[in-house]
Amino acid sequence: MNLIEGVSVIVCSLNRANIFRKLYKAISEDACVREFIFINDGSTESYTQIVDEMQKYFGKRGIHFIYLENETSRGAPFCRNRGLRHITSRYVFFVDDDMIFEERFLGILYEGIKKRKSQAVGPRIYYLTKAEYFKKNYIELDGKVGFTKQLINRKAIIGHFDKKISPEIISADFISAVILYDFDYLRKNSISFYEGYGGNAFREETDPQVQLTLAGGEICYCSDCVCFHLPHEILGKSGQRKKGIFWYEYWAIKNNYIFLKRFKEYFEKKYGRPLFMFQINFILSRIYFYFIRIPKKLRELFMRDQSNLRTGD
């Protein structure tokens, strides 16, 4: 099959119809978008209205729109692979349904991957707080972010994709789930999403990136291109966090081990540590995350209580 120059966007969604409205219009503004593939992963809430909106919206812009629906929830890897079977463009952009974008976001990545001649490129992610979510200019918030030297924690094999590394596009071992691929390269090297990850499918986005690296491809990280992740308070218990923290962390740890076993030889050779040390460090990093996060939540509650006492509420 001959591929058309341009980008196909693949998005899968689970019970986030209203939230998703913020994404599809922003991401399709770039002239490089030729196709939009939307997969409803067995949602219990209705997507009929938003699908009708998308059909009209994309039809006016000459963008090919495909809607796919799973009878039951099959998870992100299954959805992404299903979407790949319908691709007609040279490049494919994967994005989660809980992101917000500024103008020219995808265009910057598209120009970057072509200029660099790499096989994948991804942006930096700014994680919005609830207070920041209601601000009008997210770019002003991003101006406060400083630079760092380390993108990947090689002890735990986790990335810091909210960090600025360089104003230039740089090579990376792997990047986030928000990623633009050279689909022709994926196709020729039989690269797909591994469907053996359970629960929240943690690591499903990193798996094909390692496959790409092993095939000789290059992954790049673009610090100057940024998207904004919606705060958990806005998302609520939907998507991968629909069953709570303990469920999420159980599957994060289990899937991480599956991931490490799949690429054991590669990681042990690349980073010079045995598999069990990666897994231990990963678990410690998750504990540390909540060790930092919980006191912050307690401080917020304390300050709110103090405010209520002063106002008499």
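Q: What does the protein chain average in pLDDT?
A: It averages 88, and 89% of the residues score at least 70. pLDDT is the predictor's confidence in each residue, from 0 to 100.

Q: Where is the pLDDT below 50?
A: Over residues 301–313. Beyond near neighbours in sequence, that stretch has 1 contact in the model. Where pLDDT is low, the predicted coordinates should not be read in detail.

Q: Now Ile-87. Where is it found?
A: In the loop between helix H3 (76–84) and strand S4 (89–94). Helices (H or I, at least four residues) and strands (E, at least two) are DSSP runs, numbered from the N terminus.

Q: Is Ile-87 buried or exposed?
A: Ile-87 is buried, with a relative accessible area of 2%. Buried means under 20% relative accessible area, exposed over 50%, partly exposed in between (1.4 Å probe, protein chains only).

Q: What is Ile-87 in contact with?
A: Leaving aside neighbours within four places in sequence, its contacts are Met-1, Leu-3, Ser-8, Ile-10, Glu-35, Ile-37, Val-92 and Phe-183. Val-7 is 80 residues away from Ile-87 in sequence, yet their C-alpha atoms are 9.2 Å apart.

Q: And Asn-70, which loop is that in?
A: Asn-70 lies in the loop between strand S3 (64–69) and H3. Asn-70 is buried, at 5% relative accessible area. Its C-alpha is 6.2 Å from that of Asn-40, 30 residues apart along the chain.

Q: Switching to helices. At what angle do H1 and H2 pack?
A: Helix H1 (residues 17–27) and helix H2 (residues 48–60) pack at about 10 degrees, with axes 10 Å apart. Axes are lines fitted to C-alpha atoms, for helices over the stretch in contact, and angles run from 0 to 180 degrees between N-to-C directions. So H1 is roughly parallel to H2. Angles under 35 degrees count as roughly parallel, over 145 as roughly antiparallel, 65 to 115 as roughly perpendicular and the rest as oblique.

Q: Which residues make the contact?
A: From H1, they are Ala-17, Phe-20, Arg-21, Tyr-24 and Lys-25. From H2, they are Gln-49, Ile-50, Glu-53, Met-54, Tyr-57 and Phe-58.

Q: Strands next. How many bridges join S4 to S10?
A: There are 4, and the two strands run antiparallel. Two strands pair if DSSP finds at least two bridges between them. Phe-94 has Ile-179 as its bridge partner in S10.

Q: Which way do the residues of S10 point?
A: In S10 (residues 179–182), Ile-179 and Tyr-181 point one way, while Leu-180 and Asp-182 point the other way. All are buried. In a regular strand the side chains alternate between the two faces of the sheet.

Q: What about S11, how many of its residues are buried?
A: In S11, 10 of its 11 residues are buried. S6 and S11 run parallel, joined by 8 bridges. Ile-125 stands opposite Cys-227 in S11.

Q: Last one: how many residues of H8 are buried?
A: Helix H8 (residues 207–214) has 6 of its 8 residues buried. They pack against several elements, including S6, S10 and strand S11 (219–229).

Terms used
Residues numbered from 1 in each chain as written. Heavy atoms only, no water. Contact = heavy atoms within 4.5 Å.
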